[in-house]
Amino acid sequence: MVLNLIYKAADAGDSLGPYVRYEGALLPVRDWLCRALIPLAQRDGRRRALINTARADLIASGKLPEDPAAAEVLIEEEAQARILRSGRTSISRAASDLVRAGLLRRHYKGFRIDHANRGAQREAVYTITAEAKRALGRVH
């Protein structure tokens with residue numbers, strides 16, 4: 001699914017990133033991919049467990065508002081934030097698998113500084129390979 005989403009959104013050079021326009025804003029490509037895959041998570045039983053965990057954590061920290069409507073909004077926001085954090089990791093893992101399989105090339109663009117985090121303010125750019133186009137059956 002990740003490969004197909006990248007292929008469909010790639011530019012003429014078969015590349016996608018480092019940012020993608022989504023609902024009037026520029027999102028890092030991994031965030032965009034996460035958001036594109038969130039509807040699949042809506043059906044998952046783990047989503048209910050994640051919402052229950054978010055609710056419990058907000059209660060334990062004393063951050064849950066008394067107003068039920070405000071509480072539900074805050075719980076949903078926390079659940080979405082957790083899904084995106086987890087999703088970025090999953091997207092990176094999937095992209096690494098696709099790179100190893102020779103279906104995708106990945107490089108990074110952005111400002112690099114010495115930092116323990118290898119990302120260092122850089123965002124991924126994904127490029128579809130000729131093998132991927134053949135695998136998708138869409139060679140022009």
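**View 1. Leucine 16 stands opposite tyrosine 126, which lies in strand S5.** In this predicted model, strand S1 and strand S5, the latter covering residues 122-128, are joined by two bridges and run antiparallel. Strands in a sheet are paired by hydrogen bonds of the backbone, and such pairing may be parallel or antiparallel.

**View 2. Three strands form an open sheet in the order S1-S5-S4.** The pairing within this sheet is antiparallel. Strand S1 (15-16) and strand S4 (104-110) stand at the edges and have a single partner strand each, so that one side of each is left without a neighbour in the sheet.

**View 3. Helix H4 is built from 33 residues and reaches 48 Å from its first C-alpha to its last.** This reach is close to the 48 Å that would be expected at 1.5 Å a residue. The buried residues of helix H4 include Ala71, Ile75 and Ala79, and also among them are Arg82, Ile83, Leu84 and Gly87, together with Ile91, Ser92, Ala95 and Leu98. Just after helix H4 comes glycine 102, whose phi is positive, at about 80 degrees.

**View 4. Aspartate 31 is found in helix H2, which covers residues 29-42.** With a relative accessible area of 17%, aspartate 31 counts as buried, because buried means under 20% relative accessible area.

**View 5. The protein chain as a whole has five helices and five strands.** Read along the sequence, these elements follow the pattern α-β-β-β-α-α-α-β-β-α. The protein chain has 140 residues, and 33% of them are buried. Of the contacts between residues at least 6 apart in sequence, 58% join residues that are at least 24 apart. The accessible surface of the protein chain comes to about 9,000 Å², and 52% of that surface belongs to carbon and sulfur atoms.

How values were computed. Residues numbered from 1 in each chain as written. Predicted model: local features only at pLDDT ≥ 70, side-chain atom pairs only at ≥ 80, totals over all residues. Heavy atoms only, no water. Helix = DSSP H or I, 4+ residues; strand = E, 2+ residues; numbered from the N terminus. Buried < 20%, exposed > 50% of the residue type's maximum accessible area, 1.4 Å probe, protein only. Contact = heavy atoms within 4.5 Å. Areas by Shrake-Rupley, 256 points an atom, 1.4 Å probe, with all protein chains shown as cover. Pairing = 2+ DSSP bridges. Expected span 1.5 Å × (residues − 1).
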